[in-house]
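Welcome to my notebook. Today I looked up how two chains meet.

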Protein chains: 2
Amino acid sequence: MKVLVLGAGNVGRTVALDLRDEFEVYVADLSGDRLGAVLEFATPLRLESYRFEELVKVIGGFDLVIGTLPEDPGFTSIRAAIKAGVDMVDVSLAPKIPLELREEAENAQVTVIFDAGFAPGLSHILMGRIWNELDDMSEGYVYFGDLPKEPKPPLYHGVGSSPRAFLMQYTRPARVIRKGVVGTIDPLSEVKTVEIEGLTLEAFPSDVLRSLLESVRVERLEGWELRWPGHLGKMKVLRELGFLEGEHLGKTLEVMTPLMVHEEYLSVMEVSGVEPEGRISYTLLGGPAWRVAGYTASAIARLVAEGSCIFGVIPPEILGMRMDNPRRLGREGNKAEEGGECFT
Amino acid sequence: MKVLVLGAGNVGRTVALDLRDEFEVYVADLSGDRLGAVLEFATPLRLESYRFEELVKVIGGFDLVIGTLPEDPGFTSIRAAIKAGVDMVDVSLAPKIPLELREEAENAQVTVIFDAGFAPGLSHILMGRIWNELDDMSEGYVYFGDLPKEPKPPLYHGVGSSPRAFLMQYTRPARVIRKGVVGTIDPLSEVKTVEIEGLTLEAFPSDVLRSLLESVRVERLEGWELRWPGHLGKMKVLRELGFLEGEHLGKTLEVMTPLMVHEEYLSVMEVSGVEPEGRISYTLLGGPAWRVAGYTASAIARLVAEGSCIFGVIPPEILGMRMDNPRRLGREGNKAEEGGECFT
């Protein structure tokens with residue numbers, strides 16, 4: 001079976017490494033340098049661009065594609081996979097989830113699993129699982145973070161890629177469910193201290209829930225991103241003073257990017273559900289989030305490769321829900337299909 | 001008596017207004033606009049530049065000059081007054097106090113009183129007075145601030161002039177006396193909350209003492225600048241992240257300058273001295289600091305105009321000390337002259 005991994009970054013390389021013994025793995029990228037790093041375990045494929053037509057042509061030669069491109073080309077690559085009639089697992093995390101492509105995918109008899117990374121991704125699979133197990137679940141919480149192992153002052157945080165996206169998350173309202181209603185809260189309005197796996201961390205509301213807001217309808221559902229203590233207070237000051245506003249972001253990045261460099265990262269995740277009688281919680285303390293994202297995507301890719309999945313554009317939490325669960329919402333409710341067979 | 005006020009800014013205009021009934025007052029400036037604002041109470045004098053030769057020529061035509069120029073031309077104007085043989089009261093607050101011009105002034109039989117504004121200025125006169133009254137003074141404290149009457153978030157502070165100087169004060173070490181020794185402390189290392197005249201304020205170590213470090217030798221002497229609560233914590237974050245470093249200061253100013261605009265200001269000052277048996281404290285709650293600075297300078301100008309002062313370059317605290325006080329230090333100690341008659 002021929003598998004194409006789009007993107008030779010950290011996530012793409014992890015996927016390719018993990019799948020190389022089971023599949024014939026190709027990795028496509030624009031950069032010869034990045035492709036050089038996959039030569040030992042995959043066949044490199046140099047692309048000229050991430051334009052739709054080129055992607056359709058390339059993807060058409062494969063049985064399964066795993067997308068790890070950034071947001072915009074990521075969305076284009078999903079459209080291209082559907083056009084090419086090839087199943088896809090995607091980790092591109094475009095601002096808008098690709099449910100608008102649902103009918104197109106059904107008509108093309110293609111399966112697309114999106115948000116198939118760390119968070120959203122593994123977080124959603126676990127939440128789907130918990131929701132499946134708790135008959136009367138009323139609250140759900142996702143805590144997640146990708147933290148430098150040895151946080152350095154003054155920032156106590158680091159990002160490997162896109163410092164701009166990192167700063168912008170402090171201005172993007174987070175969608176949550178409270179009192180059964182979907183609403184937004186300010187990401188820096190409710191910073192709190194939490195303990196997870198013996199670590200004392202700070203958490204802020206994150207817009208990570210996405211498809212869960214539709215598919216896990218409970219009284220209260222919240223996503224929280226984690227930071228080492230000492231970071232969020234500083235970000236709050238920068239935002240209050242206007243340093244995170246669009247016109248100033250470039251200047252702010254010049255000052256802050258050098259502070260973000262850290263060597264090693266660890267990922268932390270706690271996903272929990274609450275019902276009157278009890279509670280289920282899954283906790284992860286692992287390597288860098290890109291590695292967890294890669295393994296999540298390759299695990300999902302194996303399931304899709306088995307071919308037992310319904311067609312359409314499917315959110316990852318469905319992987320944690322049993323098909324015969326009567327509370328699993330139908331197409332109108334959660335945009336996920338009933339009656340097929342998908343990773344039960 | 002012909003008096004020249006150098007600079008038609010807020011301080012210069014205040015001086016000119018205050019002296020107009022007693023003297024023939026001229027105001028010199030580079031800007032026709034600024035001079036337009038003094039027409040009703042003084043004779044305007046348009047200058048081409050603040051170059052030394054031009055200043056010597058202009059000042060030479062007067063009996064007394066009051067300098068309110070910014071730092072660099074301020075220092076030049078003191079040199080020019082000495083060269084022209086004209087007494088001077090100066091509020092320019094150059095980074096270096098002009099004591100190196102002392103002999104030159106003595107030889108020219110000229111009196112120069114420097115740092116003759118709000119703080120340093122009135123603060124120093126009061127500290128000299130307290131030192132004069134307390135025989136066994138061991139500690140002295142200057143608290144001062146120029147605060148917006150209605151502080152606006154997120155900055156809770158404003159500055160009319162030089163935002164750059166405002167930001168730089170948070171990186172300039174403050175010279176203080178502790179355990180009898182002159183040393184420096186970081187301006188943001190010891191932020192504390194104080195109550196003055198019913199106001200709850202925050203204070204940070206300020207490099208305001210200058211000549212007092214020589215002339216009031218006690219065990220502990222400290223200057224603290226005042227801010228509304230909520231300001232200094234933000235400045236600390238900006239400094240920690242590198243936003244106040246030279247290379248980034250320009251960008252930081254672009255973001256912050258619009259936040260500094262406030263309409264009305266009030267000045268707060270508390271100057272106190274402590275001895276084992278007691279304590280003396282002077283408190284002021286007044287109009288904007290530039291107005292207090294102007295009135296301080298014009299009051300000193302009246303004393304200098306009386307002609308009863310020694311020659312030389314003289315710090316303002318000497319105005320508060322009686323000549324016959326045996327503890328008043330002589331020339332080697334405090335750079336102030338003994339044996340003359342100066343404002344006793």
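I began with the area: chain B and chain A bury about 1600 Å² between them, with 78% of it on carbon and sulfur atoms. Buried area here is the accessible area (1.4 Å probe) that two parts lose on being put together, summed over both. On the chain B side, I found that B:L241, B:F243 and B:V255 lose the most area to chain A, together 40% of what that side buries.

A note on the source: this is a predicted model, where local features need pLDDT of at least 70, side-chain atom pairs count only at pLDDT 80 or more, and totals for chains, interfaces and linings use all residues. Residues are numbered from 1 along each chain as its sequence is written, chains are lettered from A and ligands numbered from 1 in the order in which they are written, and side-chain values use heavy atoms, leaving out hydrogens and water.

Next I looked up the contact (heavy atoms within 4.5 Å). Chain B gives 17 residues to it and chain A gives 17 residues. I also noted that 100% of the interface residues of chain B are interface residues in chain A too, so the copies meet through the same surface.

Then I turned to salt bridges (a side-chain nitrogen of Lys or Arg within 4 Å of a carboxyl oxygen of Asp or Glu). Between chain B and chain A the count is 4. One of the salt bridges joins A:E240 and B:K234, whose closest N and O atoms are 3.4 Å apart.

Last, I checked the symmetry: a rotation of 180° with 0.1 Å of shift along its axis superposes chain B on chain A, RMSD 0.0 Å (least squares on the C-alpha atoms of residues with pLDDT of at least 70 in both). That is the relation of a two-fold axis.
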